[in-house]
Amino acid sequence: MMKHFRLNSFNALFFLLWGMITAVLWVFDDSDYPMVIQKILSGISLLGTLCTTTYFLCNYILPKAIDSNKLYSILPHFLTLSVFQAILLWIFQEGLYFLEDRNYLPLSEVAQERETFVTTLASTFPVSILLNLGFGGLKVYFEHGKLHQQHLTLKKTHLEIQLHALQSKITPHFMFNVLNHIHLLIQKDTELASTLLIKYADILRYQLYGADKEHISLAEEIAFINNYIEVETYRWANNLTVSRDVQLTDPQVHIAPHLFIIFIENAFKHVGRATAEKGVIAIQISQDAATIKLDIQNSKGSIQPKKADHTGIGLKNVSERLSLIYPNRHELIINDTANRYQVTLTITIHEQHDH
């Protein structure tokens with residue numbers, strides 16, 4: 001796809017090197033061509049073939065092998081590409097000889113010393129190998145640097161998430177409201193107050209100890225979400241209708257923690273309702289062999305709570321985490337209308353990499 005053709009730092013160096021190689025070959029090429037056009041056509045066939053194929057190697061074949069963590073799988077492609085380059089060079093060479101044989105171009109000294117297919121292949125194959133090793137090694141070096149930078153960025157973001165969990169989750173207005181509800185409930189329904197307190201303790205425990213893990217089982221994340229929903233549902237009492245549908249095929253699959261909760265928190269914070277109606281929140285979490293999907297909707301109406309200043313920061317943080325942890329493996333769609341706010345997050349899970 002054309003999105004891969006971007007002048008990044010590697011491609012800038014790639015084309016600069018090929019420009020230098022072209023200049024050197026042009027200056028030091030002492031082949032006796034009767035016409036300059038023959039030298040130009042010969043150069044275009046040589047450099048066009050090698051430049052195009054090495055670009056394909058560096059920007060299509062190698063990135064896929066690096067992303068899949070199977071760099072060894074590049075060897076068959078590498079050898080096939082080198083042979084293909086040698087064959088292409090022979091084809092272009094034969095094309096020039098054909099033009100000279102048909103008197104479209106004057107006969108050159110190179111044509112008089114024409115080599116066989118096997119000889120041409122034997123002489124150009126080592127050159128192709130060296131060029132592919134050189135440019136391929138340069139690409140791997142650049143990709144390694146990029147992955148290292150992403151790792152540092154992810155580590156920094158992870159620390160920021162931990163700090164955010166301590167600062168804005170463990171001691172927020174939500175905590176004081178829950179504790180106040182439990183305090184009042186103790187006098188009316190001791191059993192319900194005890195259940196609510198246990199669920200809230202589980203929420204705090206997960207936020208404290210789950211944030212320092214890179215991955216956690218989907219079952220643990222769902223248990224945390226269920227506890228949060230049940231506590232919030234009680235707090236809203238009869239002013240809110242909450243529905244949830246969770247369909248899991250493999251609860252033990254591992255995912256990054258705290259990816260879903262920001263969207264669920266926002267639904268409860270910003271749900272709105274008409275004067276005579278209840279607010280509505282609908283939560284669906286589904287899993288199949290390849291993906292995990294969260295779909296959450298909340299109503300909007302004439303009565304809406306004041307938006308928190310840090311909401312946009314939370315969404316920005318989770319978007320950055322998704323881009324770093326699941327690059328090209330997630331889709332986040334936000335649909336904001338006059339009556340409804342909907343978030344749909346789909347994550348493609350590759351279990352062998354996420355454990």
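User: How do the axes of helix H8 (residues 218–236) and helix H9 (residues 261–270) sit, and at what angle do they cross?
Analyst: The two axes come within 11 Å and cross at roughly 5 degrees. That makes H8 roughly parallel to H9, since angles under 35 degrees count as roughly parallel, over 145 as roughly antiparallel, 65 to 115 as roughly perpendicular and the rest as oblique. Axes here are lines fitted to C-alpha atoms, for helices over the stretch in contact, and angles run from 0 to 180 degrees between N-to-C directions. Helices (H or I, at least four residues) and strands (E, at least two) are DSSP runs, numbered from the N terminus.

User: What kind of model is this, and how are residues numbered?
Analyst: It's a predicted model, where local features need pLDDT of at least 70 and side-chain atom pairs count only at pLDDT 80 or more, while totals for chains, interfaces and linings use all residues. Residues are numbered from 1 along each chain as its sequence is written, and side-chain values use heavy atoms, with hydrogens and water left out.

User: Back to the helices: which residues make the contact of H8 with H9?
Analyst: From H8 it's Phe-224, Ile-225, Tyr-228, Ile-229, Glu-232, Thr-233 and Trp-236, and from H9 it's Ile-261, Ile-264, Glu-265 and Phe-268. Contact means heavy atoms within 4.5 Å.

User: And by class?
Analyst: Eight nonpolar, one polar and two charged residues. Ala, Val, Leu, Ile, Met, Phe, Trp, Tyr, Cys and Pro count as nonpolar, Asp, Glu, Lys and Arg as charged, and the others, Gly among them, as polar.

User: How many residues of H9 are buried?
Analyst: Nine of its ten residues, so H9 is largely enclosed by the rest of the structure. Buried means under 20% relative accessible area, exposed over 50%, partly exposed in between (1.4 Å probe, protein chains only). Among the buried ones are Phe-263, Asn-266 and His-270.

User: Switching to the sheet, what's the strand order?
Analyst: It's an open sheet of five strands, S2-S4-S5-S7-S6, with mixed pairing. Strand S2 (240–247) and strand S6 (330–336) are the edges, each pairing on one side only. Two strands pair if DSSP finds at least two bridges between them.

User: Which helices pack on it?
Analyst: H8 touches S2, S4 and strand S5 (291–299), with its direction at about 165 degrees to that of S2. H9 lies across S2, S4, S5, S6 and strand S7 (340–348), running at about 10 degrees to S5.

User: How do S2 and strand S4 (residues 279–287) pair?
Analyst: In the parallel sense, over eight bridges. Leu-240 stands opposite Gly-279 in S4.

User: And which way do S6 and S7 run?
Analyst: Antiparallel, joined by seven bridges. A hairpin of three residues links S6 to S7.

User: What about phi of His-258?
Analyst: Phi of His-258 is near 60 degrees, a positive value in a residue other than glycine. His-258 is in the loop between strand S3 (254–255) and H9, and counts as buried at 7% relative accessibility.
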